[in-house]
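Q: Got a model open here and want to go through the helix packing and the domains. Can you walk me through it?
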Amino acid sequence: MSVDRTARVLVVDDEPQIVRALRINLNARGYQVITAHDGTAALKAVAETKPDVVVLDLGLPDLDGTEVIEGLRGWTTVPIIVLSARGDSADKVQALDAGADDYVTKPFGMDELLARLRAAVRRSAVHGADGAEAVVDAGSFTVDLAAKKVRRDGREVHLTKTEWGVLEMLVRNRGRLVAQKQLLHEVWGPSYETESHYLRVYLAQLRRKLEPEPSRPRHLLTEPGMGYRFEL
């Protein structure tokens, strides 16, 4: 099966020899290769270049690879193949739970990696592009799903981990009703699905931090008795 000449692969690794070997082998097989040497650059590169597959090392100099995976999964379904020297099953489970699609342990065979890469490209082609954007502009504030940051009037807004979890869930499903039970399950866990008062508290906090008029929200909307919705 021939490789689609437009298939773009982002290689994220801080080892120059690994990057060089992958670039040579992938270019020879018709892939377009983009590289990043740390997690911050990787998040930016995915947002800017929209690769078809990400090949990601876990041991990066700034962010752990699982943090990069979580940052990407906040807004994109691009296939992620972890390429790591960490062979412990706990590391594999953690990466896969964070949202990785596959895991290859270093040292690796190039033929095996290429086979896994072809499978990932096929999955990417079948599912198509997300159409999602990393930065969502609500006018008075912006939500960067990749960097997990919110800015209002040009200044970063500090959100707690739980506030971010609620906001991220709503923004990822913008324009759609997110049921109370679903939101509680995703952010707090299955044992909190009846604790609807948590949502009232945290939505009020988010509105105070983000909405120009918290008492008359334009973006973080409540559907009484049903759930919540984020609108641009």
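A: Start with helix 2 (residues 39–49) and helix 3 (residues 65–73): their axes come within 10 Å and cross at roughly 20°. Axes are lines fitted to C-alpha atoms, for helices over the stretch in contact, with angles from 0 to 180 degrees between N-to-C directions. Helices are DSSP runs of H or I with at least four residues, strands are E runs of at least two, and both are numbered from the N terminus.

Q: What is helix 2 relative to helix 3, roughly parallel or roughly antiparallel?
A: Helix 2 is roughly parallel to helix 3. The cut-offs: under 35 degrees is roughly parallel, over 145 roughly antiparallel, 65 to 115 roughly perpendicular, and the rest oblique.

Q: Which residues make the contact?
A: Gly39, Ala42, Leu43 and Val46 from helix 2, with Val68, Gly71 and Leu72 from helix 3. Contact means heavy atoms within 4.5 Å.

Q: Before I go on, what am I looking at?
A: A predicted model, where local features need pLDDT of at least 70, side-chain atom pairs count only at pLDDT 80 or more, and totals for chains, interfaces and linings use all residues. Residues are numbered from 1 along each chain as its sequence is written, and side-chain values use heavy atoms, with hydrogens and water left out.

Q: OK, domains. Where are the bounds?
A: Domain 1 is 8–128 and domain 2 is 135–230. Such bounds come from an automatic or database domain assignment. The C-alpha centres of the two domains lie 30 Å apart. Domain 1 gives 6 residues to the contact and domain 2 gives 5.

Q: How much area do domain 1 and domain 2 bury?
A: About 450 Å² between them, 55% of it on carbon and sulfur atoms. Buried area is the accessible area (1.4 Å probe) that two parts lose on being put together, summed over both.

Q: Now helix 8. How does it cross helix 6?
A: The axes of helix 6 (residues 161–172) and helix 8 (residues 196–210) come within 10 Å and cross at roughly 85°. They are therefore roughly perpendicular. Among the residues that meet are Val166 and Leu170 in helix 6 and Tyr202 and Leu206 in helix 8. That contact has 7 nonpolar, 2 polar and 2 charged residues.

Q: And helix 7 against helix 8, at what angle?
A: Roughly 80°, with the axes of helix 7 (residues 180–187) and helix 8 within 10 Å. Gln180, Leu183 and Leu184 in helix 7 meet Ser196, Tyr198 and Leu199 in helix 8.

Q: Backbone next. Which peptide bond is cis?
A: The one from Lys106 to Pro107, with omega near -10°. Pro107 sits in the loop between strand 5 (102–105) and helix 5 (110–127).

Q: What is the phi of Lys50?
A: Positive, about 50°, although Lys50 is not a glycine. Lys50 is in the loop between helix 2 and strand 3 (53–56).

How values were computed: Nonpolar A, V, L, I, M, F, W, Y, C, P; charged D, E, K, R; others polar.
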